[in-house]
Amino acid sequence: MRMVDLIIKKRDGQELSDEEIKFWIDGYVKGEVTDYQSSAMCMAIYFRGMSKREIATLTDCMEHSGEVIDLSAIEGIKVDKHSTGGVGDKTSLVLGPMVAAVGGKMAKMSGRGLGHTGGTLDKLESIPNMIIAKTKEQMIEQVNRIGLAIIGQTSSLVPADKKMYALRDVTGTVESIPLIAASVMSKKLASGTDAILLDVTVGEGAFMKNMDMARELARTMVNIGNSLNRNTVAVLSDMSEPLGMAVGNSLEVKEAIASLHGEGPEDLMELCYTSGSIMLTQAKVCDTIEEAREKLHEVVANGKAFEKLCLMVEAQGGDVSYIEHPEKFEVAKKIIEIRSQHDGYIKEIDALEIGVSAMKLGAGRETLDDVIDMSAGIVLACKVGAKVNKGDLLCTVYTNKSEEEYLPVLDEIRAAYDFSNEEVPVLPVIREIIR
Ligand code: URA
């Protein structure tokens, strides 16, 4: 078999056989298929798509390209969540403790942020001394003891995705439904969870820009999970504007802490209550969505969810005093307020623009070697639909960059806003649920 023939076959719109997909993925992981050939194959898939069978085979080959974790030593039904990425998405930091406080078991392996999307691991690392590298045994012990662990994906887990994601990121082939579905589901299947809640983001700040694409991606992933006996549900959530108010690592951790104290922004909390209640029924901890939702409200109100975050941080070596006293987090040296130059209603806050701007302020990395400034980012003062007058605060910018570096970014942030003279309807954060 020759890789070039497989690329030509896909380029010309034909289906690849199971053996051919296996030849590509095995060869790529071993270094026998080159990066440029895999790039060409990803681009051919981007344009030609894949059949259901091809996507299932690609997922299976990727899942088995490395270690497949056995979590059976954790008692009960393990449930995990995965978001397809967004701006200001600190959901796992709020949802994980909430679900664990009600009795769910979540062993979550998270990734780092790249480009305009943030990663849960980077956010966690803004807590001093936090350890995100744990062995499988340590993770199992932690989940059995406190119900929750969020750690970094080990290098042995789905090496095919690690190589391919980095390649896709620089070859314009991220936004492909078969490639995203195989990437996400291979990781979730290999990490050993019993049930999967997928948060498929849709809008400017997400990879899926419209509902049709998001629906297709969600259905593809739900079918893969359910056909392999993993109870899989997808929540389609809005990512046209950032989620919550804070964008940037320690700023988002502070928002997550406030949320667990019952002071979270409406959209973030709604996403957590909806996702969490589905997860608790998937895990059979609760019989109905209504019962689960009530219990989630209870653990936020009585402080048990916040306690879980403290326990997780402690179990992973982090300095809990920062969680108890978030004012201890270092604040960026330059704090700049951006004020409205219009009277009217906020029609749009482009999540992509805000995400890219936060990255340029130091909150994200363009390449995997970039060092993140944990204190950098943007905190919105109001969201789409709000009525503002000239001079009202739109957002606050936090950075340690030089004036020369951050001044152009301020213009880009201003350009992310659009205004209307008419009242603007606010879209619900939950757009659809696919089972
Ligand atoms: N998230 C992933 O894990 N993989 C993708 O391909 C896109 C988003």
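F47 is exposed, with a relative accessibility of 64%, and Y46 is partly exposed at 35% relative accessible area; buried denotes values under 20%, exposed over 50% and partly exposed those in between, for a 1.4 Å probe and protein chains only. The model is a predicted one, in which local features need pLDDT of at least 70, side-chain atom pairs count only at pLDDT 80 or more, and totals for chains, interfaces and linings use all residues. Residues are numbered from 1 along each chain as its sequence is written, and side-chain values use heavy atoms, with hydrogens and water left out.

The structure contains 3 aromatic pairs (Phe, Tyr or six-membered Trp rings with centres within 6.5 Å; planes under 30 degrees apart are stacked, over 60 edge-to-face, the rest tilted). Y46 and F47 form an edge-to-face pair, at 5.1 Å centre to centre and 80 degrees between the planes. Y417 and F419 are stacked, at 6.3 Å and 15 degrees. Y417 is buried at 6% relative accessible area, as is F419 at 17%.

Y417 is also among the residues with the most contacts inside the largest nonpolar core, of 85 residues, together with M98, I346, I354 and I413. Such a core is a set of buried Ala, Val, Leu, Ile, Met, Phe, Trp, Tyr and Cys residues joined through side-chain atoms within 4.5 Å. At least three residues come from each of domain 2 (78-324) and domain 3 (330-420), the bounds being taken from an automatic or database domain assignment. A separate core of 58 residues includes Y28, M139, I180 and A182.
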